Amino acid sequence: MQAYHEALAGHGIGVGQILLTRSDFSNRKRITNAQMTIEELLRRGMLADHQRERYGRRG
């Protein structure tokens, strides 16, 4: 992640990473935490939402 950060920072592009395992989807609290993280990265423009871009979907 540091290499991506250094390579893209000069272009004004932020980077983020989400690491999920199967067990993250078996616990409601962990699902909620992952969802909140994804929503925050989308809000900051750090994660491309290809489904929305491709199909014009909104939440």
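Ile18 lies in the loop between helix H1 (2–9) and helix H2 (28–43); helices are DSSP runs of H or I, at least four residues, numbered from the N terminus.

A note on the source: this is a predicted model, where local features need pLDDT of at least 70, side-chain atom pairs count only at pLDDT 80 or more, and totals for chains, interfaces and linings use all residues. Residues are numbered from 1 along each chain as its sequence is written, and side-chain values use heavy atoms, with hydrogens and water left out.

Next I looked at Asp24, which is in the loop between H1 and H2. Buried or exposed? Asp24 counts as buried, because its relative accessibility is 14%. I found its side chain joined to that of Arg30 by a polar contact of 2.8 Å (a pair of N or O atoms within 3.5 Å, one able to donate a hydrogen and the other to accept it; residues adjacent in sequence count only if both atoms are side-chain atoms). Setting aside neighbours within four places in sequence, I listed Leu19, Arg30 and Ile31 as contacts of Asp24, meaning heavy atoms within 4.5 Å.

Last, I turned to Val15, also in the H1–H2 loop. Val15 has 22% relative accessibility, so I logged it as partly exposed. Which residues does Val15 touch, not counting those up to four places away in sequence? I got Met1, Tyr4, His5, Leu8 and Met46. For Met1, 14 residues from Val15 along the chain, I noted a C-alpha separation of 7.6 Å.

Definitions and conventions: Helices (H or I, at least four residues) and strands (E, at least two) are DSSP runs, numbered from the N terminus. Buried means under 20% relative accessible area, exposed over 50%, partly exposed in between (1.4 Å probe, protein chains only).
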